Amino acid sequence: MKMIFLISAIVTLVICSSSTRAQLDDADREIQPGTTKEAQKSLTETEARRRRLWFSATLATSFDTNINHDPQGVSSIGLVPSLALHFQNSVEKPSFEIEYEIAAHNYTNSREWDRVSHNFVMSYRKRLFGGWSTRTETEITLKGSSEDRELNNQYVLRQQLEYRVNENSRLQLVGAYRIKRDPLDSGSNAIDPYAGVRFIQKIAGDKRLALSYRYDKNRSWDPRNRYIRWAYETEFSTPIIDRRSRLNFDFTYKPRLYGRTVKVNGERVPRRDGRWIFETQFERVLRPNLLMAFVYRFERRDSNDPDKDFQSNQAGFALTYRW
């Protein structure tokens, strides 16, 4: 709890000293269709009554062919109900936003992933001059989805600088200081800062293309868990059928270099992993306050340590209601 108050205090000082949730996503999340930023944005833009404070409830289901991400491949069916609260200081152009979500995760064939998670995000945006703007954000995740789906707690202070090149193009630079704490394994506790860049291009017909790059260095207490990671991501979103339906594609490649070594052909070499992720999501606004989503995700990890190779397929469906 001391860490939560510390991070919140830091962000409060940043906000107060300034004359002032779009960012690189820093998590490989479990499938929870209907809770993505694009889905929430779709729901927001089609609401008949727009307001500063709202609540939402999501019921998500998923089928995973390899819930533990290991060579054995244990399949599982998941059910994740969640409740969320969102507040922003302006209807049209908010500069200050707060969001909190609580979710109950339930899965078959595995008790490890059953839990109640909490996610709190607070952000403040300031327009500077010309096409420049900044966004300061803090995020606290307890028992939530994180990198490699670790069941740890994370505390993140994130700073984004955005330049609007023209009406349809934006360039974002982001840096974050991230603290990881694992109540069950202190060796996984780490400081994991990262930096990245993202280019977003709007295309005729309400389409969107985004290209992202990120670099992070995980400095864990246990040297075996230390690594450097790069992330390359391409996203494409387009309306389909009509303006109430949308199709999203996301492809990510994440190579990783560990500090520890493994034996390959009788020789000790640094462990290297390559992670490939493809995800597609179909969203449909059924009513101004009701969203439906279908998701498919393929994930594969290749490593020079054969025990770390895995492949998984995930499919999910969700309904999100907002009031």
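Trainee: How many residues lie between S10 and S11 in their hairpin?
Mentor: In this predicted model, helices (H or I, at least four residues) and strands (E, at least two) are DSSP runs, numbered from the N terminus. Two strands pair if DSSP finds at least two bridges between them, and S10 and strand S11 (residues 227-240) do so in the antiparallel sense over 11 bridges. One of the residues in this pairing is alanine 210, whose bridge partner in S11 is glutamate 235. The number of residues between the two strands of the hairpin is six.

Trainee: Which residue takes a positive phi in the hairpin of S9 and S10?
Mentor: S9 and S10 run antiparallel and are joined by 10 bridges. Glutamine 201, for example, has leucine 209 in S10 as its bridge partner. Three residues stand between the strands of this hairpin, and the one with a positive phi, near 85 degrees, is glycine 205.

Trainee: Why does lysine 202 count as partly exposed?
Mentor: Lysine 202 is found in strand S9 and touches Asn168 and Lys207, leaving aside residues up to four places away in sequence; a contact means heavy atoms within 4.5 Å. Buried means under 20% relative accessible area, exposed over 50%, and partly exposed in between (1.4 Å probe, protein chains only). Lysine 202 is partly exposed because its relative accessible area is 40%.

Trainee: How is the aromatic pair of tyrosine 321 and tryptophan 323 arranged?
Mentor: Rings of Phe, Tyr and Trp (its six-membered ring) pair if their centres lie within 6.5 Å; planes under 30 degrees apart count as stacked, over 60 as edge-to-face and the rest as tilted. The count by this rule comes to 10 aromatic pairs. In the pair of tyrosine 321 and tryptophan 323, the centres are 5.8 Å apart and the planes stand at 25 degrees, so the arrangement is stacked.

Trainee: Over which ring does the charged end of arginine 256 sit?
Mentor: A charge sits over a ring if NZ of Lys or CZ of Arg is within 6 Å of the ring centre and within 35 degrees of the ring normal. Arginine 322 lies over the face of tryptophan 54, at 3.5 Å from the ring centre. For arginine 256, the distance to the ring centre is 4.2 Å, and the ring is that of tyrosine 227.

Trainee: Which element has the lowest mean pLDDT?
Mentor: The pLDDT is the predictor's confidence in each residue, from 0 to 100, and the protein averages 85. Residues are numbered from 1 along each chain as its sequence is written, and side-chain values use heavy atoms, with hydrogens and water left out. Local features need pLDDT of at least 70 and side-chain atom pairs count only at pLDDT 80 or more, whereas totals for chains, interfaces and linings use all residues. The highest mean (97) belongs to strand S9 (residues 194-203), and the lowest (40) to helix H1 (residues 2-17).
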